[in-house]
Amino acid sequence: MSRWSEIVGATHVATGGAGDAVDGLVPACVVRPASAAEVQACVRAAAAEGLALVASGLGAHLDVGAPPSRRFVLLGLDRLARVVDHQAGDMTVTAEAGCPLGLLSDVLAAAGQWLPIDPPRPRSTTVGGLIAANLSGPLRASQGRVRDLLLGIRTVGADGAVVSSGGRVVKNVAGYDLPKLHVGALGTVGVILEATFKVRPRPAREEAVVIACRSVEAAGETALAVAAGQLVPLWLEVAGPGGLPEGPRDGAAVVVGLGGIAEEVEEARARTMDLARARGSGAVAVADGAGLRTRLADFAALPAAAVLRAGVLPAEVAALIRDVTARASASGVPLRCLAHAASGVVRVAVPQAEAVAPLVAALRPGLEARGGSLIVERAAPAVKTGVDVWGDVGPAMGLMRGVKAAFDPAGLFAPGRFVGGL
Amino acid sequence: MLSRALVTRLRAVVGADGVIDRVESLLVYECDGYTLERAAPEAVVLPRTPAEVSSVLRLLAAEGVAFVPRGAGTGLSGGTLPVGAPVMVCTSRMQAIEAIDVANRRIVVQAGVVNLWVTNAVRAHGLCYAPDPSSQPACTIGGNVAENSGGPHTLKYGVTTNHVLGVELALPSGELVQLGGAVEDRPGYDLVGLVVGAEGTFGIVTRATLRLVRAPEAYRTLLAVFESVDAASEAVSGIIGAGIVPAALEMMDRLIIQAVEAAYRIGLPTDAGAVLLVELDGPVVGLDPQAERIAAVCRASGVREIRVARDDTERAALWKCRKRAFGAVGRLAPNYCTQDGVVPRTRVPDIVRRIAAAAERHRIRIANVFHAGDGNIHPILLFDERDRDEVERVLAAGREILEACVALGGSLTGEHGIGVEKMAQMPLLFGPDDLRAMKALRAVFDPEGRANPHKIFPDAKVCVETRSPRRQAAM
């Protein structure tokens, strides 16, 4: 402990407690550095003591990933919380890893801008967590994901050196695109210190239309029809029975997010309502589109035994939801599905711990065989011990092992948390 | 020297016409669009399929021979210069469009498919491939992936990396590995994102799975004429500040306006200080209100005149003068070279002033045409290669401009790549630890350093014939 106190000061070191557990494993201690130099010293100290490091922001997304495979120190980055630089005219923002998205969005909103990524639990999500867990929400349909908006990154490597890559300009091909290495890597290749994003003007208006459909198939067809049209939805979700927080318990629904200037939103709303009517479906306009979207985003972090996330082609979304729904009826386990329809991401909330492993075993092989995936995105610690969280990543695994070995040869960073036990 | 036995074995893989090794035939391959340095390979191999690429690389691996991948050779940073690599592997015969999935907006193409063919193949379905470099009638998808190419419409739609979902990569060992694919969100490291823009130093991309986008319902294309670059830059800031992201926002200065007008005669005002080409696209209902707001911003910045393309023909004419601006430069001087620096977009007026100062200091002429919305500049440095002193002054001015870009918080290259051209300047952007991390990544894919060696990194030993610059072949 004294070693850590020397680095960050005694008040920022604590013995790990149950509240600090990662997937049920309690860290040796919790250390909260406040500068890049302190993070560097922590990395070197952990290496010297033979301890692993698991980085954390506000702890809102530590339930993503597999349990750490060895004794670790929780590296709390919440004191690195500044918005470093917002250049409104350049539409870029630089923030420290522990900066909460709430703070970031307040700064951007003052200039009519946003970082258009909408993870669950946004107010307690930090910039570092957003990148490391590759979080996304409904907005990805039109705004892209972290990989599309991240311009540059500063990290600390396994040898304690600060490594910068990318830059602060919106277009840049100098050197390898190392920022992408850290996106979704769950902190296994370095500690994120700071990141620069491209930001966008926030749409003047955001509304939504909820279309109630008789069946999942009808919802799937309606969603494809919306996507094929010219109205360019800001986001597009398909819900199976019970998938909408405020929707019907049976039947399915399509939720279309509409954004832009007033003229665009009004026209899009009219076209969407017409499309629904022509298909014999009822449609309701929702004035507070952003509010509804936030509630839909929270589906990914529902209190459930597990939330599974499947990746399929957009045209396969309805078939998967129908399959899951049929299994729910057959087994009596109420499974709820909500999908980012345009991106082919289907989430399944599983209420009972014992239902998780059989469902994964039933769905995963077929999805992987078609080039898709099924991961246990979030689950209670007990659930994770009985199931492979990530599944088989296929022939690219060899290169991924090589990447890990190159950037973290001693397994210092979040060992065991990522694909293939990395 | 390559052994005769190896050449014979390569011919057995790719056919007798698939290996070029006659000295006079190799001259075509001694440079790409970057002509300041030249080196001819000992042999050019033209595989017809990904499997043949794999076989070729296995043969080269067995003898430890280094290679340079090449598509159409339209690159502008010397990325295909065969330095320390006797064999060039050219993907231009791999032209199959293998699968089109309209419902999911995906297309699978081989590396040698030309950028524009992708859009042509899906246009009837109302789709298009968004990245549109000016060389799009010639450049290949394989080259686009290697360079992470951009184009005027990247302001709204993003660059190549935002549209590549998967690649098949032939590793230097010859092993073919599929990375990513048609489905989003595969678990694991984003290896696709690392391969895109790696300038061919990880191996040879043989196939790519690309994302297609809906072709816009309508366009509004405006040409705004200003008295000065400063006034036009102020309008750019105003447009961005008004919360409008046009599909494209391009600027041309007086020298390039004069050249374009002389070449294409579309009635551009040759006494104007700068023109902005602004394009909006999307649902028709939003276009007129946004065009009116842009016009208002331009008026507030003292615009002299705004012309709106009334139909597709007029739109095409405006884009022709932008995309073929480089071709028109031949009227200004016998030779030119182009830079690709980036500055934060609010610093465009600063970099334009610094470019003008560099031109004056080195007594050369520089024309400017650039992606103003992105801050990606393309100063065109004019010269006569017979004037050796002028060539030296052009090189010095080019270096100063890139240094100024970095000093203003920008980058050495927005879309052309580092190649051999800008290797020496990499330390302006990256320290030793940063470069070491990049090299560590490269070694994962190419432990022997045989894929496109002597590129990107500043300590790469280059030993090529530096000739006087010539007119660039393509842009």
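**View 1. Secondary structure and overall form of chain A.** Chain A holds 14 helices and 19 strands (DSSP runs numbered from the N terminus: helices are H or I with at least four residues, strands E with at least two). The model is predicted; local features need pLDDT of at least 70, side-chain atom pairs count only at pLDDT 80 or more, and totals for chains, interfaces and linings use all residues. Residues are numbered from 1 along each chain as its sequence is written, and chains are lettered from A and ligands numbered from 1 in the order written. The C-alpha trace spans about 70 × 50 × 40 Å along its principal axes. Of the 422 residues, 60% are buried (20 or more other C-beta atoms within 10 Å of the residue's own, with C-beta atoms placed from the backbone).

**View 2. Domains of chain A.** Domain 1 covers 2-78, domain 2 covers 83-201 and domain 3 covers 203-402; the bounds come from an automatic or database domain assignment. The C-alpha centres of domains 1 and 3 lie 35 Å apart. Seven residues of domain 1 are in contact with seven of domain 3 (C-beta atoms, placed from the backbone, within 7 Å). The domain 1 side has three nonpolar, two polar and two charged residues (nonpolar: Ala, Val, Leu, Ile, Met, Phe, Trp, Tyr, Cys and Pro; charged: Asp, Glu, Lys and Arg; polar: the others, Gly among them).

**View 3. Chain A against chain B.** Here 66 residues of chain A are in contact with 71 residues of chain B. Elements of chain A giving two or more residues to its side include α9 (262-278), β19 (373-379) and α14 (397-407). The largest share, six residues, comes from α14(A). By class, this side of chain A has 34 nonpolar, 21 polar and 11 charged residues.

How values were computed: Two residues are in contact if their C-beta atoms, placed from the backbone, lie within 7 Å. A residue is buried if 20 or more other C-beta atoms lie within 10 Å of its own, exposed if 12 or fewer, and partly exposed in between; C-beta atoms are placed from the backbone.
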